[in-house]
Amino acid sequence: MKQKLEVSWGVPNTDNKLRQFKRYLRDKGARPSTVDDYLARVKKYFEFCGNKDPSLELAQEYRDHLLDRNLSNSSVANYSYAIKNFHKMLGQDIKFPHLKRANEIPYFFSSFEVNKIFDNINNIKHIAMFKTAFYACLRASELCNLDVEDLNLDKLALVVRNGKGGKTAICYLSEEAVETLREYLAVRPDFEIEGRKPLFYSDYGSRFNRKEVYRLVIHYKETAGINKPGGAHVLFRHTPASLMVQNGCDLLTIQQVMRHNHITTTMRYLHLADDIKRSKYDKFLKL
């Protein structure tokens with residue numbers, strides 16, 4: 001008589017829950033980048049829960065665990081949003097105490113460090129990606145979503161479609177970025193994915209994703225010998241805005257370039273302008 005193997009062929013419960021959550025977010029109209037971000041955070045929440053079913057008590061314990069790890073308030077808040085939405089899908093209302101986000105940008109890369117990173121990139125595609133994202137102040141998801149037709153190199157600009165909040169915007173490019181892009185496009189093979197021509201795609205024929213961009217930034221940052229914390233968002237968003245402030249740019253222009261909805265977001269960079277404020281004070285307040 002044959003003996004039955006003791007093997008469970010059931011689909012892991014967490015996989016089912018993640019698929020259900022993915023459908024829930026899509027039905028709510030969440031952007032693909034938001035869906036990916038929430039799924040990654042909820043997956044880590046599941047890992048914390050272990051064999052126990054997610055519950056309001058475990059959600060609070062996980063949040064306390066994140067705080068004990070000394071994560072930034074912004075990071076804890078992002079995890080909390082994802083977990084709250086997951087439990088909302090289950091019909092459970094969960095409320096976390098509000099964490100005030102930092103009013104100052106904690107760190108950014110200096111112009112010397114940015115140039116050092118760029119100088120250590122010997123791949124024309126990668127340097128074109130970095131300069132495009134840096135000078136256009138792009139989010140990683142926006143860089144990944146660019147198509148060739150979004151470029152207007154003659155006018156030193158590009159179009160971001162379906163950016164944060166689903167918005168479309170025109171972003172500036174520097175002459176340096178445009179020159180690098182022309183060199184890249186001269187050797188870029190003509191390639192389409194689902195009827196679109198992605199500006200940047202991997203060697204495996206797929207669009208880059210945010211994680212791959214993050215890993216590239218970390219790789220070249222380490223290659224350049226820079227130990228300062230920060231990945232793609234710090235290099236491509238915080239750093240350009242911080243350097244503009246330090247170079248004396250007015251706040252309204254920075255808000256428009258960064259595409260901040262509210263001026264209060266841009267005001268987080270003001271603490272970097274103390275020396276600028278002093279020099280302007282001495283220059284303009286005279287009798």
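Which helix or strand gives the most to the lining of the second largest pocket? It is H5, with four residues.

## About the model

This is a predicted model, in which local features need pLDDT of at least 70 and side-chain atom pairs count only at pLDDT 80 or more, while totals for chains, interfaces and linings use all residues. Residues are numbered from 1 along each chain as its sequence is written, and side-chain values use heavy atoms, with hydrogens and water left out.

Helices (H or I, at least four residues) and strands (E, at least two) are DSSP runs, numbered from the N terminus.

## The second largest pocket

Let's begin with the pocket itself. On a 1 Å grid over the protein atoms alone, a pocket is an open set of points where a 1.4 Å probe fits, with protein on both sides within 12 Å along at least five of seven lines; lining residues have an atom within 4 Å of a point. The second largest pocket holds about 360 Å³ of space, a volume being the space filled by probe spheres set on the points, which are joined across faces, edges and corners.

Its lining has 19 residues, and Phe134, Tyr135, Cys137, Met244 and Val257 are those that lie nearest the centre. At least two lining residues come from each of H5, H6, E3, H10 and H11. By class, 14 are nonpolar, five are polar and none is charged. Here Ala, Val, Leu, Ile, Met, Phe, Trp, Tyr, Cys and Pro count as nonpolar, Asp, Glu, Lys and Arg as charged, and the others, Gly among them, as polar.

## Helix H5

Helix H5 spans residues 111-119, and its buried residues are Glu113, Val114, Ile117 and Phe118. They sit on the same side of H5, because they cover an arc of only 140° around the axis; the arc is that of the directions from the helix axis to the C-beta atoms. Buried means under 20% relative accessible area, exposed over 50%, and partly exposed in between (1.4 Å probe, protein chains only).

Phe112 and Asp119 are exposed, on the face of H5 turned away from its buried side. The cover over the buried residues includes helix H6 (124-136), helix H9 (210-223) and helix H10 (232-246), where contact means heavy atoms within 4.5 Å.

## The three-stranded sheet

Three strands make an open antiparallel sheet in the order E1-E2-E3. E1 and E3 are the edge strands, as each pairs on one side only. Two strands pair if DSSP finds at least two bridges between them. E1 and E2 are joined by two bridges, and E2 and E3 by four. Ala157 takes part on both sides: Asn152 has Ala157 as its bridge partner in E2, and the partner of Ala157 in E3 is Tyr172.

In a regular strand the side chains alternate between the two faces of the sheet.

## Loops and a buried glutamate

Leu156 lies in the loop between strand E1 (151-152) and strand E2 (157-160), and is partly exposed at 27% relative accessibility. Arg259 belongs to the loop between helix H11 (251-258) and helix H12 (263-266); with a relative accessible area of 18%, Arg259 is buried.

Glu142, in helix H7 (residues 140-145), is buried too, with a relative accessible area of 3%. Leaving aside residues up to four places away in sequence, Glu142 touches Val160, Gly163, Lys164 and Arg259.
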